[in-house]
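Welcome, and thanks for taking a look at this one. Below is a short tour of the fold, grouped by topic, to read alongside the coordinates.

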Amino acid sequence: MSSESGPTNSTTPVPVPFAEALAVLRAAAEETRLRILALLAEGELSVSDLTDILGQSQPRISRHLKLLVESGLIERHREGAWAFFRLREAAIGFVEPLIAALDRVAPPLSEDRARLDSVRTQRAEAAQAFFARLAPKWDGLRSLHVPETTVEAAVLDVLGDRPIRHVVDLGTGTGKMLGLLAPLAGRATGLDSSHAMLSVARANLERLGLSRVDLRQGDIHAPPFGRGGFDLVVLHQVLHYLDDPARALREAARLVAPGGRLLVVDFAPHNLEQLRESQAHRRLGFAADQIAGWLVQAGLGDVESRDLAPEDGTELPLTVTLWLAHDASAGIGADHSERAVA
């Protein structure tokens with residue numbers, strides 16, 4: 001099916017040529033494929049997920065998926081050795097009325113939904129087991145800076161009430177920022193290099209009812225997205241793990257749409273050398289002007305910063321800093337000056 005260029009703010013139906021509509025309806029007019037479409041309306045699923053839910057062989061499911069991909073109804077993306085499928089964005093407005101018209105409280109769709117819930121429960125349990133092994137490490141880091149709720153409130157305050165069409169969270173990890181920002185955005189995408197972490201993010205987002213967030217596996221130094229596709233790009237607690245944070249910021253800036261913004265959340269400079277061993281940190285924080293300079297060199301401007309320092313009397317050694325930069329081509333902040341957020 002034909003698609004619009006650039007991020008969209010809704011799933012408003014796009015007029016479909018008659019011949020394309022006929023081909024799409026033919027592709028959907030088969031029991032298994034219609035059941036697959038109803039399941040993918042709930043969120044992305046793997047071939048293995050669909051095999052378990054529908055009780056059919058992998059070759060048969062793969063054949064149906066291939067036909068649906070060719071028709072333009074769904075799309076496929078790889079995550080390591082796994083392949084995930086979801087409704088194609090341009091087709092959602094066409095497919096959703098069809099799915100909504102089906103009786104989903106009667107078999108076979110009711111049975112499919114029950115098995116889908118079981119698959120998601122198993123996924124959540126596996127993710128929780130994985131994260132339980134990491135929890136002591138993450139809890140130890142959280143104990144060194146202001147509460148996450150304080151950081152999240154500051155993120156929302158800095159971003160303000162400006163509409164978000166399409167946000168991407170680079171290095172999404174457990175999906176924390178997506179859980180915060182996806183409900184405010186027309187579309188949301190998360191990128192991470194780790195399949196295991198994406199499994200945790202997928203389970204966390206499904207628990208929040210955000211099953212349609214687009215999760216991708218990929219390298220933050222070479223994100224698999226076109227130039228200018230996102231009006232908000234986020235790097236939350238990522239840069240201190242990287243050997244070349246300046247390169248990551250250049251790649252992130254490439255994704256910012258005209259008039260868009262890039263948000264960085266990371267640590268101010270500190271001297272906790274033990275974090276190199278215990279947390280695999282490569283950098284011990286960043287000075288405000290260092291990140292601002294990299295952002296300006298990447299073609300962004302009007303860099304704002306805010307420090308979230310521990311309150312007086314506490315022994316928390318880490319300060320969290322937020323940087324917000326704007327697309328310089330839109331004429332915002334032509335002098336590229338850094339200023340503090342009020």
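The cover over the buried residues of helix 12 includes helix 10 (245-254), strand 8 (256-267), strand 9 (300-308) and strand 10 (320-327). Please keep in mind that this is a predicted model. The chain has 342 residues, of which 50% count as buried, and its secondary structure comprises 12 helices and 11 strands. Among the contacts in the chain with a separation of 6 or more, 70% join residues 24 or more positions apart.

- The buried residues of helix 12 (residues 288-297) are Ile291, Ala292, Trp294 and Leu295. Around the axis they span an arc of only 160 degrees, so they sit on the same side of helix 12.
- As background, an α-helix has 3.6 residues a turn, so residues three or four places apart point the same way.
- Asp289 and Gln297 are exposed, on the face of helix 12 turned away from its buried side.
- Just after helix 12 comes Gly299, with a positive phi of about 100 degrees.

**Helix 1 and its neighbours**

- In helix 1 (residues 18-28), the buried residues are Ala21, Val24, Ala27 and Ala28. Viewed down the axis of helix 1, these residues fall within an arc of 125 degrees, so they line one face of the helix.
- Which helices do the buried residues of helix 1 pack against? Their partners are helix 2, helix 4 and helix 5 (89-100).
- Phe18, Ala19 and Arg26 are exposed on the other side of helix 1.

- Helix 2 (residues 31-40) meets helix 4 (residues 58-71) with axes that come within 10 Å and cross at roughly 75 degrees. The two helices are therefore roughly perpendicular to each other.
- On the helix 2 side, Thr32, Arg33, Ile36 and Leu37 make the contact, while helix 4 supplies Arg60, Ile61, His64, Leu65, Leu67 and Leu68. By class, the residues of this contact of helix 2 with helix 4 are six nonpolar, two polar and two charged.
- Helix 3 (residues 47-54) also packs on helix 4, at an angle of about 115 degrees and with the axes 9 Å apart. That angle makes helix 3 roughly perpendicular to helix 4.
- The crossing of helix 3 past helix 4 is right-handed.
- Here Val47, Leu50, Thr51 and Leu54 of helix 3 meet Gln58, Ile61, Ser62 and Leu65 of helix 4. The contact of helix 3 with helix 4 contains five nonpolar and three polar residues, and no charged residues.
- Ile61 and Leu65 of helix 4 are listed in the contact with helix 2, and Ile61 and Leu65 are listed in the contact with helix 3.

**Backbone geometry worth a look**

- For context, most residues other than glycine have a negative phi, and most peptide bonds are trans.
- Pro107 and Pro108 are joined by a cis peptide bond, with omega about 5 degrees. Pro108 is located in the loop between helix 5 and helix 6 (109-142).
- Gln237 is not a glycine, yet it has a positive phi of about 55 degrees. Gln237 belongs to the loop between strand 7 (230-236) and helix 10.
- Is Gln237 buried or exposed? With a relative accessible area of 16%, Gln237 is buried, because buried means under 20%.
- Asp302 also has a positive phi, about 50 degrees, although it is not a glycine. Where is Asp302 placed? Asp302 is in strand 9.
- Asp302 counts as buried at 10% relative accessibility.

**Around Val167**

- Val167 is part of strand 4 (residues 164-170), and its relative accessible area of 1% makes Val167 buried.
- How far apart are the C-alpha atoms of Val167 and Val233? They are separated by 5.8 Å, although the two residues are 66 residues apart along the chain.
- Leaving aside residues up to four places away in sequence, Val167 touches Leu181, Ala185, Arg187, Ala188, Thr189, Phe230, Leu232 and Val234.

Note on methods
Residues numbered from 1 in each chain as written. Predicted model: local features only at pLDDT ≥ 70, side-chain atom pairs only at ≥ 80, totals over all residues. Heavy atoms only, no water. Axes fitted to C-alpha atoms, helices over the stretch in contact; angles between N-to-C directions. Helix = DSSP H or I, 4+ residues; strand = E, 2+ residues; numbered from the N terminus. Parallel < 35°, antiparallel > 145°, perpendicular 65-115°, else oblique. Contact = heavy atoms within 4.5 Å. Nonpolar A, V, L, I, M, F, W, Y, C, P; charged D, E, K, R; others polar. Buried < 20%, exposed > 50% of the residue type's maximum accessible area, 1.4 Å probe, protein only. Arc of directions from axis to C-beta. Left-handed = near helix turned anticlockwise from the far one by under 90°.
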